[in-house]
Amino acid sequence: MNPAAGAHAPYDDILHAAFERRYREGEDSWSREPAMRRLVPLLLERLARPGGHVLDIGAGRGPDTVELLAAGHRVTATDLLRLPEWDAIEHRWGERVAFLRGDITELPLPPARFDAAVDNGVLHHQDPARYPAYLAAVRRTLRPGGLLALSLFSTVEERPDGVVNRADDGRISRWFTAHETRQLLGEAHFETLALERIPRRLEGLAYLLVVAAATDEKDGQ
Ligand SMILES: C[S@@+](CC[C@H](N)C(=O)[O-])C[C@H]1O[C@@H](n2cnc3c(N)ncnc32)[C@H](O)[C@@H]1O
């Protein structure tokens with residue numbers, strides 16, 4: 001169980017245990033999902049200035065961290081778990097990368113520090129009641145106008161409503177519509193700049209790949 005679990009346990013514990021088991025048993029299909037690897041290139045199109053500082057939320061085995069480092073950025077990568085691949089990435093990239101283990105909403109990250117954040121497959125596993133707190137925590141870490149690159153489960157055809165699924169181990173996977181994605185981000189003071197729907201290897205399912213910018217709260221987004 002997660003020793004850092006706070007007031008919102010036990011879902012924290014469920015999530016930690018579910019991911020720990022999937023990585024341990026090699027059931028982390030997302031680490032090999034081509035659709036997810038298209039998110040960072042979308043972000044890099046808009047992060048023109050090299051030498052930016054990017055937060056990789058739920059970095060997993062680190063594929064996006066490595067791509068961002070190779071593109072000339074510094075990366076702070078976080079995850080609930082420490083993955084074995086982190087050692088080699090630290091060794092290769094030295095001071096340009098920092099890894100932190102913990103829940104993104106609980107880590108003591110400095111405010112307004114990052115030019116961009118990547119959330120590749122993390123938000124859609126959180127407790128839906130905590131999406132506002134989660135997005136507020138992410139937004140706090142971004143400098144004004146900072147970018148959020150987000151991938152969310154979806155379906156190949158846009159549906160009228162999203163769907164919440166629960167695996168046998170209790171882990172939530174939520175499928176989003178494009179409409180509710182824009183709405184959720186707007187309510188959290190992010191403006192959606194780009195949104196693409198990319199089919200997954202699983203028939204009928206897709207990812208929404210989104211790039212959004214943190215807006216001024218006074219804009220009433
Ligand atoms: C579907 S995996 C994606 C991993 C990686 N982003 C990738 O593209 O391969 C989601 C990751 O987010 C981590 N995670 C889930 N909830 C988290 C949270 N609240 N804070 C930090 N990491 C979290 C999990 O441990 C897992 O490694």
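Predicted model: local features only at pLDDT ≥ 70, side-chain atom pairs only at ≥ 80, totals over all residues.

Visitor: What makes a group of residues a nonpolar core, and which residues have the most contacts inside the largest one?

Guide: A nonpolar core is a set of buried Ala, Val, Leu, Ile, Met, Phe, Trp, Tyr and Cys residues joined through side-chain atoms within 4.5 Å, where buried means under 20% relative accessible area, exposed over 50% and partly exposed in between, computed with a 1.4 Å probe on the protein chains only. The largest such set has 40 residues, and those with the most contacts inside it are Leu 43, Leu 68, Val 97 and Val 118. Strand 9 gives the most to this core, namely five residues. Another core, of 26 residues, lies apart from it and includes Leu 123, Val 138, Phe 190 and Ala 214.

Visitor: What does Val 118 touch?

Guide: A contact requires heavy atoms within 4.5 Å, and, with neighbours within four places in sequence left aside, Val 118 meets that rule with Leu 39, Val 40, Leu 43, Val 54, Leu 55, Asp 56, Ile 57, Asp 64, Leu 68 and Ala 149.

Visitor: Why is Thr 78 called buried?

Guide: Its relative accessible area is 1%, which falls below the limit for that label, and therefore Thr 78 counts as buried. Thr 78 is found in strand 2 (residues 74–79), helices (H or I, at least four residues) and strands (E, at least two) being DSSP runs numbered from the N terminus. Five of the six residues of strand 2 are buried. Among the residues that Thr 78 touches beyond four places in sequence are Leu 55, Ile 57, Trp 86, Leu 100 and Leu 107.

Visitor: How do you know that strand 1 and strand 2 pair, and in which sense?

Guide: Two strands pair if DSSP finds at least two bridges between them, and strand 1 (residues 53–57) and strand 2 have four, in the parallel sense. One of the details is that Leu 55 has Thr 76 of strand 2 as its bridge partner. Strand 8 and strand 9 also pair, over nine bridges and in the antiparallel sense, with Tyr 207 in strand 9 as the bridge partner of Ile 198. These two strands form a hairpin with five residues between them, and Gly 204 in the turn has a positive phi of about 85 degrees.

Visitor: What makes the phi of His 189 worth a remark, and is His 189 buried or exposed?

Guide: Most residues other than glycine have a negative phi. His 189, which is not a glycine, has a positive phi of about 70 degrees, and its place is in the loop between helix 6 and strand 8. Because its relative accessible area is 19%, His 189 is buried. Ala 112, in the loop between strand 3 (97–101) and strand 4, likewise has a positive phi, near 55 degrees, but Ala 112 is partly exposed because its relative accessible area is 44%.

Visitor: Why is one space called a cavity and another a pocket?

Guide: On a 1 Å grid over the protein atoms alone, a cavity is a set of points where a 1.4 Å probe fits but cannot get out, a pocket is an open set with protein on both sides within 12 Å along at least five of seven lines, and lining residues have an atom within 4 Å of a point. The structure holds one cavity of 30 Å³ or more, and about 40 Å³ of space lies in the largest cavity, a volume being the space filled by probe spheres set on grid points joined across faces, edges and corners. Its lining includes Ser 154, Glu 158, Trp 175, Phe 176 and Arg 197. The largest pocket holds about 720 Å³ of space. Of the 45 residues that line the largest pocket, Phe 19, Gly 121, Val 122, His 125 and Arg 171 are the closest to its centre. Helix 1 supplies the largest share of that lining, six residues.

Visitor: Why does Gly 121 get its accessibility label?

Guide: Gly 121 has 15% relative accessibility and therefore counts as buried; Gly 121 is found in the loop between strand 4 (114–120) and helix 5.

Note on methods:
Residues numbered from 1 in each chain as written. Heavy atoms only, no water.
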